[in-house]
Every structure is written in C-alpha cells, then in structure tokens.
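Biologist: I should like to learn how to read a protein model of this kind. Could we begin with the order of its elements?

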Amino acid sequence: MQVPPKLPLRALRWFCNEERLEELEGDLHELFLESYERNPRTATLDYWWMVFRSFRFYALKNSKQQKINSMIHFFILLKHQLKLIFRQLWQQKTSTAINIVGLTIGLAGFITLYSLVRYEFSFNHHVPDSERIYRLYTEFSGSFDGYNRGVTAGAGSFLKNNPHQDIEHSSQFIIKSYSAQPVSTKNEEEFRYVKSIFTDTTFFQVFGMYDWLAGNPATALQGPHTVVLTAQQAEKYFGTQSADQFIGKQVTYRDSLQATVTGIVQQRPGNTDFIFTDFISLKTIKASWVKDNVQLDDWNSTNSGSQLWVKARKPIPEGTKAAFLSPLNEHIAKVGESKDWTREVKTKPLSGLHFDQQLSIFDNRGRGAANTDSLSLLSIVCIALLLMAMFNFINLETANSSSRAKEVGVKKVLGSTRTIIFSKFILQSIVLMTMSILLALPLAEFSLQWFEEFFPQEMVVNFLDWHYLFLILGLVLIIGMLSGLYPAMRLSGISISKALKSNVRLSFAEKNTPAFRKVLISFQFICSQVLIIVALAVFFQVRFMLNKDLGFSGDHVMMISTPWNAAHHKAQLFHSEIVKIPAINALNWQDSPPCSDSYSSTILKYLPAGDDTPLKTVVYRKRADTTYLDFYQIKLLEGRMFLPRANLNEIVVNEVYAKELGMKNYEDVLGITVTDDDISYTIVGVMSNFHNLNLKSELVPVFLNYEPENIEIAFKTRPEDASAVIDQLTEIYRKIYPKNPAEVHFMDETIRNFYLTEKKTEKLALITTILAITISSLGLFGLIAITVLQKTKEVGIRKVLGAGMWSLSKVISKEFLILILIALVIATPVAYSLLESWMENFAFRAPLGWWIYLLGGICSFVLAILVIGWKVYKAIVSNPVDSLRYE
Amino acid sequence: MANNAAGLSTSNQYTIIEIPGTNIQDTRDYNTYIYEINTHGMKGTNLGEFEELVLLTVGILYDNAYSVAIKEELNKQTGRKVTISSVHAAVYRLEEKGLLDSRMGEQSERRGGKRKRIFTISKSGKAALETASDLRNKMRNQIPEVAFKNI
C-alpha cells in the first residue's frame with residue numbers, strides 16, 4: 001500500500017488546523033492512491049500540488065476562534081504541568097533544596113553585582129555632547145614624575161584669549177571649598193565646606209546639563225561678588241521659595257567674602273560627578289582677598305583645584321594629541337620658570353572621568369574614582385558563583401536519572417513525544433529558577449545593606465525599575481533554559497526498553513560518573529580552591545601589614561590639630577595649658593606623624609666636591625620640633641639633632657637618603673650641604689629608617705628640619721588615663737578655639753586606616769570563599785548521596801567478602817577525592833598568578849611560600865571529608881543483608 | 001395550495017407553525033422570516049454557479065457525499081475538471097452559510113485510516129435550491145418566443 005510522500009504530508013500537518021486536518025489528509029490520501037494507480041511517476045508531483053493548493057483559509061490555523069481556543073488549551077495544560085512539577089519537587093525535597101539554595105546564592109550575587117556595575121557605569125551620561133568634552137591635566141617628567149589633575153592657572157585665560165579653531169568652548173574653574181553663611185533673617189546657620197567653585201558662564205557652555213531656573217546665563221557671573229546656586233542649595237540656605245525670589249539674596253563665604261545670588265540652576269537628573277553647588281564668579285577673585293590665595297595669571301605652580309575643561313568641535317581621535325595643546329604647551333615652556341622637570345598639558349575625555357584612578361575625580365575628600373580592576377574582579381567572582389550553582393543543578397538533575405527513567409519510559413509508551421518530555425523538564429528548571437529568583441531578590445537586598453561598605457554610599461537600588469524586571473525575566477528564562485538543557489536532553493532521550501526493564505541499572509547509573517559531570521564538579525572544586533588560597537593569602541598579608549614594625553613607636557600616641565589659620569600665640573597658650581595635665585607623658589608639636597597619608601616633598605640637590613652635575617633627589621620633608629625623634633623613639637644613628645634655630649637650616653636625614661648621597665659611612669654625610677631651590681641645608685644627623693608612607697610603598701628618603709610653629713600636637717598617655725585626658729584637652733581646646741571642633745585621633749587607628757581597602761578586600765575574599773565553599777559542598781553532598789545509592793550493592797557484596805572499613809570508604813569516595821586533588825593541582829598556578837598581581841601593589845609583602853598552597857589543599861580535604869563523612873559512614877556500616885535483599 | 005419555501009402548506013389565516021431549528025412559532029414571525037430570506041438572503045444565499053452545482057451534486061450523492069466523491073460526480077455530470085481544493089472551499093463555505101450539514105463518516109484504509117466528512121443538504125439548503133430554480137424558471141418563462149426565433 002502506497003503512502004503519500006512524507007515531506008508534503010508534514011507540511012500539511014504543519015499548516016493545517018486540527019479541525020480540518022483529518023478529512024483533508026484523508027481526501028488527499030485517497031486522491032494520491034488514485035493518482036498513483038493512474039501514473040505512479042507523477043503521483044508525488046500531484047500530491048505536492050494538491051497540498052499546495054490546500055493552503056487556503058479554511059485549512060489554516062488561528063482563525064480568531066481557534067486562537068482563543070488554543071490559548072485556553074495552553075493555559076489549562078500549563079496549569080496541569082505546573083501541578084505535576086510542584087508535586088515532584090516536593091517529593092524530592094533534599095535535591096530540590098540543594099538546588100534552590102545554590103541557585104539563590106548564585107543569583108543573589110549576580111544581581112548585587114549587576115546593581116553595582118550598572119551604577120558605576122551610569123555616571124555622567126546626562127551631559128550633552130559628552131563625547132566632545134575633555135579635561136586638561138598636567139604630566140610632569142624629569143627628576144619629578146607625576147600627574148596633576150589640574151593645570152597651571154594661567155592656562156585658562158590663555159585659551160580664552162587665543163581661541164583655537166578646534167575649541168568650541170573652554171571653561172576654567174577653581175575648586176575652593178568654603179564655608180557659607182546665607183544672609184537672611186531666618187537662619188544664622190553656617191554651612192561648612194560647601195562645594196563651591198569659582199567660574200564664569202563658560203562653565204555652563206561646556207557642561208550643558210544645567211537648566212536655568214532664574215537669572216540670565218549670559219550675565220549672571222559677569223561681575224565680581226556674584227554667585228549662582230543650584231536650586232537645592234538655595235533652598236537649604238533660604239528655605240523653599242520660587243526660583244526668582246532667590247535672586248538678590250546674599251551669601252557670605254569664609255566669613256568675609258560677600259556674594260549676591262544672580263542665578264539659579266538645576267542639574268538634569270542622572271548620576272553625576274559634578275557635585276558643585278555654589279558657582280562664584282571668577283572676577284570675584286581679583287576683587288577680593290582671594291587674590292592672595294589664587295593667582296589667575298600664575299604659570300609656575302600647578303594646583304589640582306585649578307581645572308580647565310574644553311568642549312571640542314569634533315571628538316579627538318584616540319591616541320592623537322589635540323591640536324590646541326601645542327600653542328599652550330609652547331607658551332608654558334616659554335613663560336614658566338625653568339625647573340628640573342618639565343610639564344606637559346594633555347587631555348582626557350569626560351567619559352573616563354568616573355573611572356580615572358590616575359587623576360581621581362575632583363578632590364580627595366569626595367567620592368573616589370571607581371576602580372575598573374576591582375569591578376572586573378567582582379564580575380568574575382559573581383559569574384563564577386552563578387556558574388557553580390548552575391553546574392550543581394545540572395549534576396544533580398542528571399545524576400537523578402535513574403529514578404526518573406521509569407517515569408519517562410511510561411510517558412513515552414503512552415504516546416508522549418520526546419519534545420514534550422523535553423519541554424517538561426525545561427519547564428521544571430524554569431520553575432526552580434523562578435523560585436530561586438524570588439528568594440534571591442530579598443537576599444540581594446540584604447546583601448546590599450550588610451555589605452554597605454563595599455558599595456558607594458549614594459547608590460540607590462530600586463528593584464522595581466524596569467531594567468531590573470527585564471534582568472529578572474532574562475535570568476529566569478536564559479539561565480533556566482541553559483541549565484535545564486543538558487539534563488532535559490539526556491532524560492528525554494532515554495530509550496523505553498532500557499527504562500522499563502527492571503533489572504537493568506541503566507547506562508547512566510554508571511559505576512563512575514561520566515566525564516562531563518566530572519568536569520563540572522572539578523570546576524566547582526577549582527573555584528573553591530583558588531578562593532581558599534587567595535583568602536588565606538589576603539588574610540596573612542593584612543595581618544602582616546598591621547603588625548609590622550614601622551620603625552617608630554606609635555603606641556598610645558594621640559594627636560589633635562589646632563586650626564591652621566589661628567594665630568600662633570593661641571597655640572602657645574594651648575601648649576602651656578596642656579603641659580599642666582599630669583597624665584600626659586610626652587608632647588610633641590609636628591606637622592605630621594612619621595607615617596602619614598599626607599606628605600610634602602621637595603627636590604634636594606647635592607653637589608659633590610669636584611663634580612659639575614648635582615645629584616637631585618626627591619626627598620620627603622617633615623617639619624618638626626627637637627623632640628620628634630625621642631617622642632617616636634626613632635634612633636639617631638650618627639651626629640645630633642638640630643638646634644632649635646630656624647636660621648641655621650640644620651637637617652637630619654634618614655639612612656635611605658644617606659645612601660643616596662653615595663657615602664659609605666653615615667658619618668661622612670655629616671656636614672654636607674644640600675640645597676633646594678631657595679635654601680641651603682646642612683646635614684647634622686642621620687636617623688634610622690622608618691616607614692614614611694604606608695607599606696604599599698618602598699622606603700623613601702626623608703629629612704627633618706626645624707619648624708617652631710607647627711599646628712598639630714601629638715601626646716602620649718597611659719591607656720587608662722586616655723579618656724580623662726581627652727576630656728580635659730577638649731575643654732581647654734574649646735576655651736581657646738571656640739569656633740572649631742576638637743578632634744582627637746589615635747595613631748593606631750590612623751595607621752590602620754591606610755589599609756582600609758585591603759581590609760575590605762579581605763572581607764570580600766572571606767565572603768566569596770564561604771559562598772563558594774557552600775555551593776560546592778552542596779553539590780558534593782548531593783552527588784555523594786547519589787553515589788552511595790548507586791553503590792549500595794557493591795558495598796554490600798564487598799562487605800560480605802570481608803572488606804574492611806577503610807577500603808569500603810575508598811570505594812565510595814575515591815573518585816571525588818581524586819577530583820579534589822586534581823583541582824588543587826590546577827588551582828595552584830591560577831591562584832599564584834592572581835596573588836602575584838595583587839601583591840605587586842605592596843612594596844612589603846608577607847612571607848608567603850609554597851606552604852600556603854598546601855594549607856589551602858588541606859582545608860579543602862578536611863571540608864570534603866566533613867561533607868561526605870556522615871553519609872559514607874552510614875553506607876559502610878549498613879547491613880549487607882538490606883542492600884542485597886532485592887535482586 | 002402553494003408550497004412555500006419551508007415545505008409547509010398554508011391557507012390564508014391563522015396557521016400555527018413551528019419550524020424546527022429556528023425560533024419561529026407564529027405566522028407573523030414566519031412571514032418576516034420569509035421576507036428576510038427573500039430580500040436579504042441569509043448572508044449571501046445568492047448561490048454562486050459553482051456552489052449551486054456542488055449543492056446539487058451533494059443532493060444527487062445522497063448520504064454519500066464527501067469531497068472526493070463530489071469531485072468525481074461533478075466531473076461526471078458537468079465534464080469540468082475541478083481540483084479538490086475548490087470543492088473543499090465550496091463545501092466549507094456552504095456549510096458555514098448553513099446550506100449543508102455534515103457529519104464524520106467511517107475510516108477506511110484507502111484514506112490512510114482517516115475518517116471522511118459526509119455532507120447533506122440542510123433545510124435552508126433545499127430552500128435555497130428551490131428559490132434559485134424557481135427564479136430561473138420564472139425568468140425563463142418570461143422570455144417571449146420571439147427572442148429565440150432567429151437564433
């Protein structure tokens with residue numbers, strides 16, 4: 001009996017709706033046979049033709065009624081399927097729980113990371129024409145290397161007076177953070193450290209993201225003593241009013257700088273690095289006392305607050321120098337004083353502002369630049385966690401095959417197609433994924449709160465934003481499908497006969513786990529291993545840094561700063577008052593402690609006898625009193641301390657500098673004269689090295705010179721007297737400096753704060769390691785349970801034949817322990833390279849050797865044994881009668 | 001006594017009518033019903049020529065009318081070669097208009113185990129046929145002999 005050709009038949013079945021399909025197919029079948037009887041060779045062609053002609057409206061699917069019908073059918077089926085899935089998940093509680101916990105952790109980490117990355121990358125997008133906006137900065141080379149995010153002040157007017165064809169607008173602004181006092185009847189409140197800058201209209205021409213609510217942009221900053229405020233700032237000063245009412249009001253800066261409000265702006269919404277709130281006109285500088293602090297025509301010094309930005313007519317191609325820089329740099333070389341180093345002005349685009357580790361954003365006090373390195377590190381970690389969770393899932397699902405096989409076999413017998421079974425399993429993984437994501441969202445929310453210190457404070461996360469909904473939907477579907485793919489394919493491909501035979505233990509209830517699964521679980525072990533090693537290393541390094549001898553004694557040292565602008569006699573008064581406090585053991589006036597975040601440095605030149613070229617060295621300066629060395633217990637190796645006479649210009653240098661000067665013995669250094677540009681100093685003593693900068697930097701040359709009028713005072717007390725002393729001190733301080741707050745710092749704390757980033761890294765490493773260990777342990781636990789199940793017979797037989805406990809446990813756990821070993825071997829070089837690149841940041845490293853990798857391996861082993869121990873023990877101890885009973 | 005379209009004899013006055021399959025229970029409804037059929041048609045009871053032929057064939061093949069048979073009968077009766085899909089189209093359209101009823105018949109191996117759909121003329125189908133043939137006759141009868149004299 002002839003059968004119509006398959007392909008057109010399939011096409012018919014594809015496009016034809018259910019109602020008509022049977023009769024159409026039958027009709028065509030009959031006609032095919034007739035056609036075949038008439039002429040066998042043309043029958044196929046005829047059939048094709050008939051099918052083709054049948055592609056008409058009455059045959060097609062999805063007429064409106066049918067659409068509704070099929071939708072209804074779909075949902076009914078779906079509901080049914082879901083019921084079955086939930087029932088099955090509930091029946092296999094352990095494996096479901098393992099999967100959900102793992103997936104939740106992985107997803108929560110992913111979501112948290114996504115929030116952070118998206119936040120950091122969302123800055124400064126609201127600036128119009130941002131691709132044409134550039135910051136000019138200064139690069140120094142020569143005996144002094146470095147960068148400064150500002151340019152010399154004279155450059156601003158130079159660009160304005162010599163317009164270049166490539167520049168559309170240029171804007172100079174000087175960052176000066178003053179205290180502000182609004183003049184109004186209501187509040188006399190003083191606002192400390194407002195984010196004020198000196199600028200003119202060009203600022204708003206370059207940065208177009210400000211809308212003017214009041215005032216005339218062209219004239220607002222034309223004259224001196226005028227200021228433009230942001231709407232929020234104006235409200236803070238004067239209360240809520242309409243923008244026009246702010247015009248004409250007065251604000252006093254730094255107690256003595258008057259300014260009239262001439263405009264109100266508002267920045268368009270969006271994450272921004274431009275946090276300035278008070279825009280004072282540049283003309284005010286020349287017209288007031290500010291001109292003593294800021295010289296707009298200066299070409300010699302470079303201050304990071306002196307900013308110069310340019311909006312070019314066309315974007316500057318990467319790697320090329322902007323044309324407008326050459327006349328500027330030439331002018332600098334001509335007009336600036338020649339020094340031992342050269343300056344060059346370069347440009348950086350606005351798009352890199354937020355991530356600029358080299359230059360930082362605007363000032364040291366505010367938000368620092370985002371670190372792309374740590375962001376990428378975090379990304380890798382989070383993706384690894386997610387992958388681990390997915391691999392767990394895949395492993396557990398496939399390993400469970402034997403129990404599912406019967407179910408699949410029966411379904412197939414009853415007429416289910418492979419596709420349907422496949423989609424059922426995919427649906428199951430999507431359901432699991434949805435449940436995990438519902439749990440992951442609150443977990444992510446919590447982690448954003450618990451780990452606040454890792455995230456920028458101003459980050460606001462709202463899970464109802466539509467991009468989050470997209471993310472969640474995408475995660476559920478994509479990851480659900482990806483992780484469900486492999487198990488679904490394997491399970492739906494089970495052959496019926498194998499599944500239903502009662503005595504065959506199925507090819508995938510194999511003796512040993514197949515290679516693919518081994519790879520997955522090895523990946524998990526490797527990740528955990530690497531993380532364990534890294535966490536250990538970080539831990540040791542941080543401990544090392546905190547405990548290392550810094551070359552001076554900072555124990556029990558506390559410091560308090562007197563206001564820098566106060567008269568010196570007040571400090572003397574303070575001194576005389578403090579000396580009266582008996583609990584204070586020692587006192588020392590200084591400009592900074594030996595090890596400090598802030599430093600000043602200069603270039604000292606030494607001209608050896610008979611040489612023409614001077615030896616130039618960058619030396620760090622400490623201005624101190626004669627008590628400095630004794631106070632900090634720094635040893636004086638040669639010579640003596642300087643005399644308390646400033647005009648003698650005597651200095652004490654440290655060993656590093658002494659070596660630099662080329663002397664074999666330190667004694668030979670005594671009496672030598674070195675000069676910086678203005679002064680000649682005589683070396684009278686050599687002190688032992690101490691760490692001037694934190695342990696991330698090498699030891700540097702340092703010199704001490706005499707300075708009688710320092711503002712910071714350091715003192716020692718016994719620990720039990722500390723709080724009493726602080727109270728007394730604060731009282732005296734308040735009497736002498738009523739307007740300033742008294743802040744006492746502990747030296748230990750200050751030093752520890754150097755390593756805040758490292759401590760954060762330590763904490764992060766610890767957390768990630770714990771998470772990774774949790775996920776792998778879960779996976780291992782699940783797999784062990786299955787292996788035990790599969791091997792009960794084998795264990796039973798071996799026990800009967802007399803095997804001991806030891807060899808029995810080997811049978812079950814051998815393959816996993818070998819995997820752990822392999823993971824350790826692979827993880828070691830990976831961890832090594834990671835650690836090397838991290839340790840490069842530190843000039844002083846903890847002594848870590850091969851033993852740390854061994855330690856990591858031992859940790860993993862112990863962990864693994866803990867996880868599988870109980871189950872293995874139970875398996876070994878069980879009665880072989882039970883396991884061998886059923887055959 | 002005239003036979004009206006519904007096949008019921010009427011006399012002049014009060015006839016109580018019940019036409020199964022419709023909601024008509026009374027002469028007034030019935031008159032409206034017939035009026036509507038005759039003026040508006042039941043959604044295009046204006047039978048196309050091909051549709052009329054198919055309808056007639058279904059009648060001829062009484063209780064044996066399925067698509068393939070209709071196709072062959074049409075070919076036999078009219079000599080026209082028709083594709084099965086035009087038969088399908090016509091027959092489904094007629095069914096939608098309510099002029100044909102259908103039911104599923106038996107399977108056969110010749111059809112690959114599929115059942116066939118067997119069509120029969122419905123009441124309105126019969127009505128439509130009669131209207132059509134009446135109309136034809138009426139108009140034919142109005143043509144004077146003279147028109148055909150010299151043809």
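Predicted model: local features only at pLDDT ≥ 70, side-chain atom pairs only at ≥ 80, totals over all residues.

Biologist: How many residues does chain B have, and what percentage of them count as buried?

Modeller: Chain B has 151 residues, and 32% of them count as buried. The accessible surface of chain B is about 9,900 Å², with 49% belonging to carbon and sulfur atoms. As for contacts in chain B with a separation of 6 or more, 43% join residues 24 or more positions apart.

Biologist: How should I read a single helix?

Modeller: An α-helix has 3.6 residues a turn, so residues three or four places apart point the same way. Now take the case of helix H2 of chain B, residues 49-60. Its 12 residues should span 16 Å at 1.5 Å a residue, and the end C-alpha atoms are 17 Å apart, which agrees.

Biologist: Which residues of H2(B) are buried, and what covers them?

Modeller: The buried residues are Glu51(B), Glu52(B), Val54(B), Leu55(B), Thr57(B) and Val58(B). Their cover includes strands S1, S2 and S3 of chain B, together with helices H3, H4 and H5.

Biologist: Why is Thr57(B) classed as buried?

Modeller: The cut-off for buried is under 20% relative accessible area. Thr57(B) has a relative accessible area of 3%, and it is therefore buried. Leaving out residues up to four places away in sequence, Thr57(B) touches Ile70(B), Glu73(B) and Leu74(B).

Biologist: Is Gln541(A) buried or exposed?

Modeller: Gln541(A), in helix H17 of chain A, is buried, with a relative accessible area of 0%. Beyond its neighbours within four places in sequence, its contacts include Trp838(A), Phe842(A) and Arg845(A).

Biologist: How many residues does each chain bring to the contact between chain B and chain A?

Modeller: Chain B brings 21 residues and chain A brings 22. The area buried between the two chains is about 2,000 Å², and carbon and sulfur atoms give 50% of that area.

Biologist: How many salt bridges are found across this interface?

Modeller: There are six salt bridges between chain B and chain A. In one salt bridge, the side chains of Arg115(B) and Glu22(A) meet at 3.0 Å, N to O. On the side of chain B that touches chain A, H3, H4 and S3 each supply at least two residues. H4(B) gives the most to that side, with seven residues.

Note on methods: Residues numbered from 1 in each chain as written. Chains lettered and ligands numbered in written order. Heavy atoms only, no water. Helix = DSSP H or I, 4+ residues; strand = E, 2+ residues; numbered from the N terminus. Expected span 1.5 Å × (residues − 1). Buried < 20%, exposed > 50% of the residue type's maximum accessible area, 1.4 Å probe, protein only. Contact = heavy atoms within 4.5 Å. Areas by Shrake-Rupley, 256 points an atom, 1.4 Å probe, with all protein chains shown as cover. Buried area = accessible area lost by both parts, 1.4 Å probe. Salt bridge = Lys/Arg side-chain N within 4 Å of Asp/Glu carboxyl O.
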